[in-house]
Amino acid sequence: MASTDADILLSEQHSKQLLPNTVLDLIAGAFGFFGNGIVLLMYTRYITDKSGTRYFIPILALVDLIGCVSSVSSFHLDNTMRYVYPSENLCKTLFFLIIMSGGFSAHLIFVIALQRYLIICRPFGKQMTQTYRRIAVLAIFLFSLGYAAPLLKFAGLKETGKRYTEGNDTRKVSVSFCYFDGGSYGSRVMLPYFGTLLLLSFINIIATSGLYIPVTKTIYKTLSPFNGAAYRVNNLPDEETRVTSTDDHSSSFEQAKITEIPRQNLTKRTNCSEPQPTACRESNHKQQTRRKLSIMFLLIIVVYVVSYLTSLITQIHTFVTGIRLTGYRLNINFFFLRFNLLNHIANPYIYWFYDVKFRGELKKLCCRRLQKNSFDL
């Protein structure tokens with residue numbers, strides 16, 4: 001359907017109303033694209049993960065990159081070209097990518113929580129091997145593809161009526177906009193479909209939180225400086241706390257959890273107040289690295305839960321109330337409605353702050369680039 005003057009004018013009015021939201025979306029998109037791109041580069045080319053602790057990080061970065069680009073593109077087109085949308089196929093594709101990447105990211109975070117639960121709370125039980133990790137990724141992909149694919153059929157340009165004012169003349173005109181239901185299926189199909197998606201989202205949030213609650217408790221008990229085994233680990237020489245880990249930085253709390261300290265070794269404590277600065281500094285560094293890596297995984301899950309819950313609650317509230325908003329209220333509503341975008345953006349910066357290995361390799365890469373540029377000059 002060709003765009004009319006009324007369509008263009010109504011789109012311009014809508015775009016002006018949502019200008020603050022559009023600016024925020026573009027800034028968020030730039031941060032997400034840059035951050036996830038850096039994570040993909042570092043974890044695929046410069047960081048080796050022999051233990052499998054970081055196996056899911058580059059996969060999550062790729063999914064978050066796709067989710068960030070598709071979400072910001074969809075939000076931008078909806079804000080600036082709402083009633084003159086470029087293509088119905090583009091509308092279908094963006095909705096499909098948003099739902100699939102969002103679901104893939106959420107389920108992958110659940111698997112990360114499961115992996116951390118097995119490592120920290122069940123260290124002597126069956127662990128997630130490389131084969132299980134690959135099967136989990138394939139299963140998540142197929143599952144997400146299965147419930148996102150119907151949007152390639154359902155989504156489209158939906159026609160509706162809008163009041164259009166030109167001079168002293170006000171009339172109702174027919175316009176179309178990109179919507180998850182193009183208008184061919186109705187509530188009998190769409191309500192069960194989106195009700196199922198909503199239920200899956202809540203189940204995933206509850207299951208992920210349920211797995212990480214005992215992990216958080218174990219982390220707190222393990223890192224407490226006055227807690228039995230942790231206190232003994234912190235005060236023993238490095239050779240007595242050594243474990244068979246292939247990656248010191250990635251075995252966050254496995255070391256403190258798995259290491260058993262016999263009572264007769266208590267007499268061999270090393271006091272950090274005595275003149276042994278090198279051993280003490282190394283021991284403190286290891287403890288800080290373990291602490292930071294575990295907090296990193298905890299924050300990834302917290303960001304996911306908060307961002308998705310905020311978005312879901314706003315969607316439910318908007319659907320139930322049906323109140324028409326304008327001005328700053330409309331911008332606030334859209335801000336919280338699209339809050340799940342934070343899940344696609346925040347993770348790279350959590351890695352940078354808490355993952356010592358990631359930060360160290362990134363620093364080395366930047367130094368090499370600067371040195372190369374200085375030699376070229």
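1. Contact of α1 with α3. Ser11, His14 and Ser15 in α1 meet Asp78, Asn79 and Thr80 in α3, where contact means heavy atoms within 4.5 Å. The residues of this contact divide into no nonpolar, five polar and one charged. Here Ala, Val, Leu, Ile, Met, Phe, Trp, Tyr, Cys and Pro count as nonpolar, Asp, Glu, Lys and Arg as charged, and the others, Gly among them, as polar.

2. Basis. This is a predicted model, in which local features need pLDDT of at least 70 and side-chain atom pairs count only at pLDDT 80 or more, while totals for chains, interfaces and linings use all residues. Residues are numbered from 1 along each chain as its sequence is written, and side-chain values use heavy atoms, with hydrogens and water left out.

3. Geometry of α1 and α3. The axes of helix α1 (residues 5-17) and helix α3 (residues 56-80) come within 7 Å and cross at roughly 120°. That makes α1 oblique to α3. Axes are lines fitted to C-alpha atoms, for helices over the stretch in contact, and angles run from 0 to 180 degrees between N-to-C directions. Angles under 35 degrees count as roughly parallel, over 145 as roughly antiparallel, 65 to 115 as roughly perpendicular and the rest as oblique. Helices (H or I, at least four residues) are DSSP runs, numbered from the N terminus.

4. α2 and α11. The axes of α2 and helix α11 (residues 327-337) come within 8 Å and cross at roughly 30°. The two helices, α2 and α11, are therefore roughly parallel to each other. Pro20, Asn21 and Leu24 of α2 and Asn331, Phe334 and Phe335 of α11 make the contact. Its residues divide into four nonpolar, two polar and no charged.

5. Salt bridge. The side chains of Asp25 and Arg338 meet in a salt bridge at 3.1 Å, N to O (a side-chain nitrogen of Lys or Arg within 4 Å of a carboxyl oxygen of Asp or Glu). Asp25 lies in helix α2 and Arg338 in the loop between α11 and α12 (341-345), 313 residues apart.
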